[in-house]
Amino acid sequence: MDAVNVAIIYYSATGTVHALARAAAEGAEKHGAQVRLRKVAETAPPETINARVEWAQHLKDTADVTEAAHDDLEWADAVLFGTPTRFGNPAGQLRTFIDTTGPLWFHGRLANKVYSAFTASNTAHGGQESTLLALSNTFYHWGGIIVPPGYTDPIQFESGNPYGASHVAGAGAPGEVALEAARYHARRAVDVAAALRVGRTA
Ligand SMILES: Cc1cc2nc3c(=O)[nH]c(=O)nc-3n(C[C@H](O)[C@H](O)[C@H](O)COP(=O)(O)O)c2cc1C
C-alpha cells in the first residue's frame with residue numbers, strides 16, 4: 001500500500017503551535033506517512049506583529065516554511081490543523097485559509113478525509129477545547145471523519161486533552177509530554193486513514 005498522505009496545516013504567532021506541528025509531522029513521518037508541513041499566511045498588520053518581538057522573530061524564523069494551498073487538502077488522506085486559541089476560537093489567519101475552500105467543498109473534494117486539530121492557549125482553562133470544537137464545525141460541513149486522540153494511549157492521560165494535542169504556552173515552551181502527545185495524535189490519524197484506505201480498496 002502507498003504511504004498515507006498527511007497535511008499538517010497550522011498558524012503560529014510565537015512558535016508554540018509551530019513546535020506542536022513539527023512534532024506531529026515527525027510522528028506521522030516516523031509512522032510511515034508522507035507529510036506536508038504547511039503554514040497559513042500571516043494576515044496581521046505589521047504594526048501589530050512588530051509590537052511583539054517574539055511574533056516578529058517567529059515570522060522571520062519560519063520564512064522558509066511553505067504556505068498552505070488547496071492542493072495540500074486535495075492531496076491529503078488526513079489533515080491536522082494547528083492553531084493558537086484566540087478568545088476561545090481558532091486564529092483568524094487559519095480561518096482565512098479555511099474560508100477560501102468553498103469551491104473544494106462544493107465539488108466534494110474535502111469529504112471522506114480524516115480531520116483533527118491541535119492547539120495552544122496561554123492559560124490552562126483559556127479555551128483549548130472550545131477552539132478545537134469550533135474547528136470541528138467545519139469538519140462536519142466538509143463531511144470529514146473526525147479522529148480525536150481520546151484516551152487511546154497512555155500519553156493522553158499525561159497530556160490530558162482528548163480533543164486534540166495542546167499546550168499551555170504560559171507555562172513555557174512545549175515539553176516532552178506535549179510533543180509526544182502531538183506525535184501520537186498524528187500517528188492515530190495515520191492509522192485511521194490507512195485503515196480507511198484498506199477498507200475502500202477491499
Ligand atoms: C488576540 C489574542 C487572543 C488570545 N486569546 C486567548 C484565550 O482566549 N485564551 C488563552 O488562554 N490565551 C489566549 N491568547 C494567547 C494565545 O493563545 C497564545 O499566545 C498562543 O497559544 C501561543 O501560541 P503560538 O506561540 O503558536 O502563537 C490570545 C492571544 C491573542 C494575541
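Modeller: Of the 19 residues around the ligand, those that come nearest are Ser-12, Thr-16, Pro-84, Ser-121 and Gly-126, where a residue is near a molecule if its C-beta atom, placed from the backbone, lies within 6 Å of it. Two or more residues of this shell come from each of the elements α1 (16-30), β3 (78-86) and β5 (114-121); helices (H or I, at least four residues) and strands (E, at least two) are DSSP runs, numbered from the N terminus. The shell divides into six nonpolar, twelve polar and one charged residue, with Ala, Val, Leu, Ile, Met, Phe, Trp, Tyr, Cys and Pro counted as nonpolar, Asp, Glu, Lys and Arg as charged, and the others, Gly among them, as polar.

This is a predicted model, in which local features need pLDDT of at least 70, side-chain atom pairs count only at pLDDT 80 or more, and totals for chains, interfaces and linings use all residues. Residues are numbered from 1 along each chain as its sequence is written.

Helix α1 also belongs to a right-handed β-α-β crossover, in which the chain crosses from β1 through α1 to β2; right-handed means that, with the strands pointing away from the viewer, the path from the first strand over the helix to the second runs clockwise. Strand β1 (residues 5-10) pairs with β2 in the parallel sense over six bridges, pairing being assigned if DSSP finds at least two bridges between two strands, and Val-6 has Val-35 of β2 as its bridge partner.
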